[in-house]
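Thanks for coming. I have one structure for you today, and I will keep it short. Please look at the screen.

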Amino acid sequence: MTTSNELRLLPWTGPDGKPCFLSTDDSDGPMSRLADNMESVQLGRATELLEQALDMLADVDTEPDDVRLLAKDLTGALRDTLRVAVSRGHRLAVPE
């Protein structure tokens with residue numbers, strides 16, 4: 001198993017909103033693959049939302065309620081993307 005400083009931050013939270021971590025030495029195990037796939041989905045969704053945001057903000061006829069909903073969705077995507085970045089950053093090899 002990994003040591004406590006090598007826990008992988010998973011791309012989802014628990015029911016109480018607290019972070020979830022994975023302890024394993026198998027980076028190709030089922031939970032690691034599930035986390036990798038979820039990260040890929042989250043990053044893809046963020047990309048889609050960014051494209052949608054650029055289109056909506058360029059349209060002068062966009063309704064304020066639509067912009068608020070977009071901001072809510074972008075906030076969630078940013079939260080997920082930051083979690084992925086932190087998780088991947090922790091897994092980078094540390095030079096000795």
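This is a predicted model: local features need pLDDT of at least 70, side-chain atom pairs count only at pLDDT 80 or more; totals for chains, interfaces and linings use all residues.

The protein chain has two helices and two strands. Starting at the N terminus, the order is β-β-α-α.

Now the overall dimensions. The C-alpha trace spans about 55 × 30 × 25 Å along its principal axes. The radius of gyration of the protein chain is 17 Å, whereas a compact globule of 96 residues would be near 12 Å.

What share of the residues counts as buried? For this chain, 25% of the 96 residues. The accessible surface is about 7100 Å², and carbon and sulfur atoms make up 59% of that.

On contacts: taking those in the chain with a separation of 6 or more, 51% are between residues 24 or more positions apart.

On charge: there are 18 negative side chains and 10 positive ones. The centres of the two sets are 6 Å apart.

Now the loop residue. Where does threonine 62 sit? Threonine 62 is in the loop between α1, residues 30-58, and α2, residues 64-91.

Its side chain has a polar atom 2.7 Å from the backbone oxygen of methionine 56. The backbone oxygen of aspartate 59 is 3.0 Å from a polar atom of that threonine 62 side chain.

If we set aside neighbours within four places in sequence, threonine 62 is in contact with Met56 and Val67.

Terms used:
Residues are numbered from 1 along each chain as its sequence is written. Side-chain values use heavy atoms; hydrogens and water are left out. Helices (H or I, at least four residues) and strands (E, at least two) are DSSP runs, numbered from the N terminus. The radius of gyration is taken over C-alpha atoms; the globule rule is 2.2 Å times the number of residues to the power 0.38. Buried means under 20% relative accessible area, exposed over 50%, partly exposed in between (1.4 Å probe, protein chains only). Contact means heavy atoms within 4.5 Å. Accessible areas come from the Shrake-Rupley method with a 1.4 Å probe; for residues, only the protein chains shown count as cover. Lys and Arg count as positive and Asp and Glu as negative; His and the chain ends are not counted. The place of a charge is taken as NZ of Lys, CZ of Arg, CG of Asp or CD of Glu. A polar contact is a pair of N or O atoms within 3.5 Å; within protein, one must be able to donate a hydrogen and the other to accept it, and residues adjacent in sequence count only if both atoms are side-chain atoms.
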